[in-house]
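Here is a quick tour for anyone meeting this structure for the first time. Have a look at it first, and then read on.

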Amino acid sequence: MYMELDKKDIDVIHEDDLIDVLKKIGFYDKLLENKVICKFCNSTITLENIHSILPQSDTFSFICDNPTCIETLIKYLDNKSSTNLDLNI
Ligand SMILES: [Zn+2]
């Protein structure tokens with residue numbers, strides 16, 4: 001007997017949706033002002049390099065499209081299986 005893992009695909013949000021999402025969560029202006037950084041490598045997040053938005057308890061974390069960060073994110077999510085990563089906000 002084994003547990004069947006419910007693996008969610010980690011997709012890049014379409015850019016139009018992305019801007020909507022960023023506006024909805026109040027980070028669009030911050031992103032334009034280069035005030036948003038990657039959770040893992042501290043690079044400035046832009047519309048070009050944003051990979052994922054990670055809802056936290058009271059804020060949002062952002063992950064850039066650096067392959068190392070994407071790998072770290074996947075491991076991070078595996079370790080925190082209770083985290084609800086909803087990229088289809
Ligand atoms: Zn990064």
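What follows is a short briefing, grouped by topic.

This is a predicted model, so let's start with the overall layout and then zoom in. The protein chain has 3 helices and 2 strands, and along the sequence they come in the order α-α-β-β-α. Of the 89 residues in the chain, 15% are buried.

- Averaged over the protein chain, pLDDT is 81, with 74% of residues at 70 or more.
- Confidence is highest in α2, where the mean is 96, and lowest in α1, where the mean is 86.
- Residues 5-10 are another story: pLDDT stays under 50 there, and the model has 2 contacts beyond four places in sequence for that stretch.
- Where pLDDT is low, the predicted coordinates should not be read in detail.

**The two strands**

- Strands β1 and β2 run antiparallel and are joined by 5 bridges, with β2 covering residues 60-64.
- To get from β1 to β2, the chain goes through a hairpin of 4 residues.
- P55 belongs to strand β1, and it counts as partly exposed because 15 C-beta neighbours lie inside 10 Å.
- P55 and I25 are 30 residues apart along the chain, yet their C-alpha atoms are separated by 9.9 Å.

**The nonpolar core**

- Which residues make up the largest nonpolar core? There are 10 of them: V36, C38, I45, I50, I53, F62, I63, C64, C69 and L73.
- β1, β2 and α3 (67-79) each put at least two residues into this core, and β2 gives the most, with 3 residues.
- In soluble globular proteins, nonpolar side chains tend to be buried together.

**Helix α1 and what comes after it**

- Helix α1 (residues 15-24) is hardly covered, with a count of 1 buried residue among its 10 residues.
- L22 is found in this helix. Is L22 buried or exposed? L22 is buried, because 24 other C-beta atoms lie within 10 Å, and the cut-off for burial is 20 or more.
- Not counting residues up to four places away in sequence, L22 touches F27, Y28 and L31.
- L22 and I53 are 31 residues apart in sequence, with 9.1 Å between their C-alpha atoms.
- Just after α1 comes G26, which takes a positive phi of about 80 degrees.

**The loop between α2 and β1**

- N34 is found in the loop that links α2 (28-32) to β1 (50-55), and N42 lies in that loop between α2 and β1 too.
- N34 has a phi near 60 degrees, a positive value in a residue other than glycine.
- N42 also has a positive phi, near 65 degrees, and N42 is likewise a residue other than glycine.
- Why does N34 count as exposed? N34 has 10 other C-beta atoms within 10 Å, and a residue is exposed if that number is 12 or fewer.
- N42 is exposed as well, because 9 other C-beta atoms lie within 10 Å.

- P67 lies in helix α3, and it counts as exposed because it has 9 C-beta neighbours inside 10 Å.
- P67 and H51 are 16 residues apart in sequence, and from C-alpha to C-alpha they are 9.9 Å apart in space.
- What about contacts over the chain as a whole? Taking those between residues at least 6 apart in sequence, 39% join residues at least 24 apart.

Conventions. Residues numbered from 1 in each chain as written. Pairing = 2+ DSSP bridges. Contact = placed C-beta atoms within 7 Å. Core = buried A, V, L, I, M, F, W, Y, C linked by C-beta atoms within 7 Å. pLDDT = per-residue confidence, 0-100.
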